[in-house]
Amino acid sequence: MIDFLVSYFSEAAFVVVSALALDRMIGEPKNWHPLIWFGKWVDACRARFQLPLDNSVFHQRFMGVVAWGCAVIPWILIYVFIMDSLPHWLHILLSIVVLYFCIGWQSLREHAEAILVPLEQGDIANAREAVGRIVSRDTNALDESGIAKAGIESVLENGADAIFAPIFWYLLLGPVGALLYRLSNTLDAMWGYKNRAFIQFGWCAARFDDVMNYLPARLVVITYAICGEWEPATRCARQQSYTWKSPNAGPVMSAGAGALGVEVGGEAPYFGKLEQRPVLGEGLPPTPHHLSESIKLIDKGVYLWGVVICILI
């Protein structure tokens, strides 16, 4: 049956569409996920390799590189070994499962809707609690616009990280590419902080994630522009990207905000004090409507990628 379907579509298109459909139908597993096990492995690697902070920058970074390799490479090798021993139809099935676990389309939608629904009902307390699950800023004092802004920023940035980048690396390198991206992105989320504990040890994790996100982020800029308002999206990405601290989140968020006709960034509370961030996008202050539109923008982008992949690949 699988070989029959693949005869009408390319293998890559079949895998991508199947993984997206699977994710959209059942979402992320609620009680377990392979990344939970990977997170425990990452913690063990950190405990084994991180040096005391009084060591030199070179030695801290070097051990961070070693820890990164020990955290990621064994799983890539195990996967390659398993794939080499499988028949073709089972290889395709496993590719679908791997890509399904590497993307988070439905999970992102669920998190965003958990913010949107109480926000539309005027339930600020529950909206604050929901947005606090996906952002690092202080949410206790956020008003409706502040909650909507935090949600929009998260949707736009994570749309690139959780959906489009894993698909890009699958198309480029196959399941190994998607797996490498997801593991390295998880390491960045765990080690990529610019605080004293991680700024040197997590240097490799942060830089590797920047490299892997560079091309996908630029494709997402085009995607948001096509699916929203082209001219303001491309203008904001061109003029504002460099102002943001992240080389990949800047283009993605500025293009997405421009495509939606909304302003994000700006002032936000972190760890008890206000942080002055650059303004991204242009137009109106964030509202629940813009948060709803950001979810639709992601959906349109996924459908666009699906159609293009089926036609061209």
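**A walk through the predicted model**

The side chain of threonine 287 makes a polar contact, at 3.0 Å, with the side chain of histidine 290, where a polar contact is a pair of N or O atoms within 3.5 Å, one of which, within protein, must be able to donate a hydrogen and the other to accept it, while residues adjacent in sequence count only if both atoms are side-chain atoms. This is a predicted model, in which local features need pLDDT of at least 70 and side-chain atom pairs count only at pLDDT 80 or more, whereas totals for chains, interfaces and linings use all residues. Residues are numbered from 1 along each chain as its sequence is written, and side-chain values use heavy atoms, with hydrogens and water left out.

Threonine 287 itself lies in the loop between strand S2 (273-281) and helix H13 (288-312); helices (H or I, at least four residues) and strands (E, at least two) are DSSP runs, numbered from the N terminus. With a relative accessible area of 28%, threonine 287 is partly exposed, a class that falls between buried, under 20% relative accessible area, and exposed, over 50% (1.4 Å probe, protein chains only). Although threonine 287 and alanine 148 are 139 residues apart along the chain, their C-alpha atoms are separated by 5.6 Å. Leaving aside neighbours within four places in sequence, threonine 287 is in contact with Ala148 and Ile152, contact meaning heavy atoms within 4.5 Å.

Another loop gives a second example: glutamine 121 lies between helix H6 (105-120) and helix H7 (124-132), and at 62% relative accessibility it counts as exposed. The C-alpha atoms of glutamine 121 and aspartate 84, 37 residues apart along the chain, are separated by 53 Å. Within helix H6 is arginine 109, which is buried, with a relative accessible area of 12%. The side chains of arginine 109 and aspartate 299 are joined by a polar contact of 3.0 Å, and, not counting residues up to four places away in sequence, arginine 109 touches Arg24, Ile295 and Asp299.

Helix H3 (residues 34-49) has 16 residues and reaches 23 Å from its first C-alpha to its last, close to the 22 Å expected, the expected span being 1.5 Å times one less than the number of residues. Phe38, Gly39, Val42, Cys45 and Phe49 are buried in H3. Seen down the axis of H3, these buried residues fall within an arc of 120°, so they line one face of the helix; the arc is that of the directions from the helix axis to the C-beta atoms. Helix H4 (57-84) and helix H9 (175-191) are included in what covers them, while on the other side of H3, Trp37, Lys40, Ala47 and Arg48 are exposed.

The largest nonpolar core has 88 residues, of which Val72, Leu99, Ile163, Ile167, Leu187, Trp191 and Tyr224 touch the most other members. Helix H8 (residues 144-173) gives the most to this core, with 15 residues. Such a core is a set of buried Ala, Val, Leu, Ile, Met, Phe, Trp, Tyr and Cys residues joined through side-chain atoms within 4.5 Å. Isoleucine 167, leaving aside its neighbours within four places in sequence, is in contact with Val16, Leu20, Ile103, Trp305 and Ile309.

Finally, a search of the whole structure finds 0 disulfides, a disulfide being a pair of cysteine sulfur atoms within 2.5 Å. The sulfur of cysteine 227 is 15 Å from the closest cysteine sulfur, in cysteine 310, too far for a bond. Cysteine 236 is buried, with a relative accessible area of 2%.
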